[in-house]
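Please look at the sequence and the model first.

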Amino acid sequence: MFRIPIKQRPNWQRKAADFGFKFHTMHGEPYWDESAYYQFTLAQIENDIEQPTADIHQMCLAVVERVIQDEALLARFQIPQAFWQPIADSWYNRDPSLYSRLDFSYDGSGPAKLYENNADTPTSLYESGFWQWLWLEEQVNKGAIHKGADQFNSLQEKLVTRFGDIAQHYQLDFMHFACCKDTDEDRGTVQYLQDCAREAGIADYFVYMEDIGLSESGAFTDHDDQIIESLFKLYPWEFMQREDFAPHIGPSGSHWIEPLWKSVLSNKALMPMLWQMFPGHPNLLPSYFEDELHLAKETKLVKKPIFSREGANISVIEHGKTVLEAKGPYGEEGFIYQAYAPLPKFGSNHTLIGAWLVNDQPAGISVREDTSLITQDMSRYLPHIIL
């Protein structure tokens, strides 16, 4: 695994504008960074990332099966009691999932270590499935990268196929898509998914979360008062379950993507449960609930809120003292603790690998880097190749 500098494509920003990639620069700072790329061998991808991703995903599904049958565990996951039975129903009905992303620490040797499961609203999908592939094609065609280079990237193909599966499962002709206002990244992600759904033959309608209404019959509606039969929502379940409209989620009859059972997978409490059920697994880090800290033998731990996203409110604890901390709005729901396993460092950059899954199948990776040990929403995205 190498980080290799490369010349940026001339006028790539103009091409990004042409393709609707509006968030390549955010708040005046680069988000997409093609001044370098990460190079992997095929064995590293297949043995150290792809196969562990498939295995860990099945382990995560085993955690869901256990948690939904145990009210004490559902309470540990901070899931409101009103949703315990709907989540179980969603699981036993086999409500289909679209995609998710596992985040790993990996330096090119030894087992990759799982940090968390982004199973509900992972972003960086467009740049992973489309934009970095376009970068690879252009760099190979101009001779800047070896013509034998490949990329671990079947995301777009698998997303299109999966949308077709979901439409068939629910007998859908059209689907609604939603995200919150005032975020180019979220809107870009949802637009990309709309494109994939359209390629699968599904008519798509977009509505902002803030504009969703409720009809007199109890159905959710869009800004044109059209009933929302199915909705891909780039909006976390832990938020939805605490909104004023939460009591209507079940009775509305809407089909949700991601499904309700993803509330368990997208929750940091998943990590100590994985460690309890699969202790010593080479891809897992020892992890603990707050009341299990006496079991921890490690002197350095990472403290994570149960609902944290984009690195918010994560801190590093050494001998009981906070040595590094990221601010944010989370933490009231409680914390879990994970053994400290720092990201590998390439030059001054700490590098995180995101491994994508579509329909339970590994589908590609993304690479993010930051000068900080904690990967956050502004951490840079770099392309990768296999050679």
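Which residues in helix 5 and helix 6 meet? Leu125, Ser128, Gly129 and Phe130 in helix 5 meet Leu155, Gln156 and Leu159 in helix 6, where contact means heavy atoms within 4.5 Å. The model is a predicted one, in which local features need pLDDT of at least 70 and side-chain atom pairs count only at pLDDT 80 or more, while totals for chains, interfaces and linings use all residues. Residues are numbered from 1 along each chain as its sequence is written, and side-chain values use heavy atoms, with hydrogens and water left out. Helices (H or I, at least four residues) and strands (E, at least two) are DSSP runs, numbered from the N terminus.

## Helix packing

Two packed helices are described by the angle between their axes and the distance between the axes. The axes are lines fitted to C-alpha atoms, for helices over the stretch in contact, and the angles run from 0 to 180 degrees between N-to-C directions.

| Helix pair | Angle | Distance between axes |
|---|---|---|
| Helix 5 and helix 6 | about 115° | 8 Å |
| Helix 5 and helix 7 | about 55° | 9 Å |
| Helix 6 and helix 7 | about 60° | 8 Å |

Angles under 35 degrees count as roughly parallel, over 145 as roughly antiparallel, 65 to 115 as roughly perpendicular and the rest as oblique. Helix 5 and helix 6 pack at about 115°, and are therefore roughly perpendicular to each other. By class, their contact has 4 nonpolar, 3 polar and no charged residues. In this classing, Ala, Val, Leu, Ile, Met, Phe, Trp, Tyr, Cys and Pro count as nonpolar, Asp, Glu, Lys and Arg as charged, and the others, Gly among them, as polar.

Helix 5 (125–141) packs against helix 7 at about 55°, which makes helix 5 oblique to helix 7. On the helix 5 side the contact is made by Leu125, Tyr126, Glu127, Gly129 and Phe130, and on the helix 7 side by Glu185, Gly188, Thr189, Tyr192 and Leu193. These residues divide into 5 nonpolar, 3 polar and 2 charged.

Helix 6 (residues 155–170) and helix 7 (residues 184–199) pack at about 60°, which makes helix 6 oblique to helix 7. Their crossing is right-handed. From helix 6, Gln156, Leu159, Val160 and Phe163 meet Tyr192, Leu193, Cys196, Ala197 and Glu199 in helix 7. The division here is 7 nonpolar, 1 polar and 1 charged.

## Pocket and cavities

Rolling a probe the size of a water molecule over the atoms shows where empty space is left. On a 1 Å grid over the protein atoms alone, a cavity is a set of points where a 1.4 Å probe fits but cannot get out, and a pocket is an open set with protein on both sides within 12 Å along at least five of seven lines; lining residues have an atom within 4 Å of a point. Grid points are joined across faces, edges and corners, and a volume is the space filled by probe spheres set on the points.

The second largest pocket has a volume of about 360 Å³. Its lining has 19 residues, and Gly20, Arg187, Gly188, Gln191 and Tyr192 lie nearest its centre. Helix 5 and helix 7 are the elements that give two or more residues to this lining, and helix 7 gives the most, with 8 residues. By class, the lining of this pocket has 8 nonpolar, 5 polar and 6 charged residues.

The whole structure holds 3 cavities of 30 Å³ or more. The largest cavity has about 110 Å³ of space. Asn117, Asn118, Ser266, Lys268 and Ser308 are the closest to its centre among the 14 residues that line it. Strand 6 (113–118) and helix 10 (270–277) each give two or more residues to that lining.

Note on methods. A crossing is left-handed if the near helix is turned anticlockwise from the far one by less than a right angle, and right-handed if clockwise.
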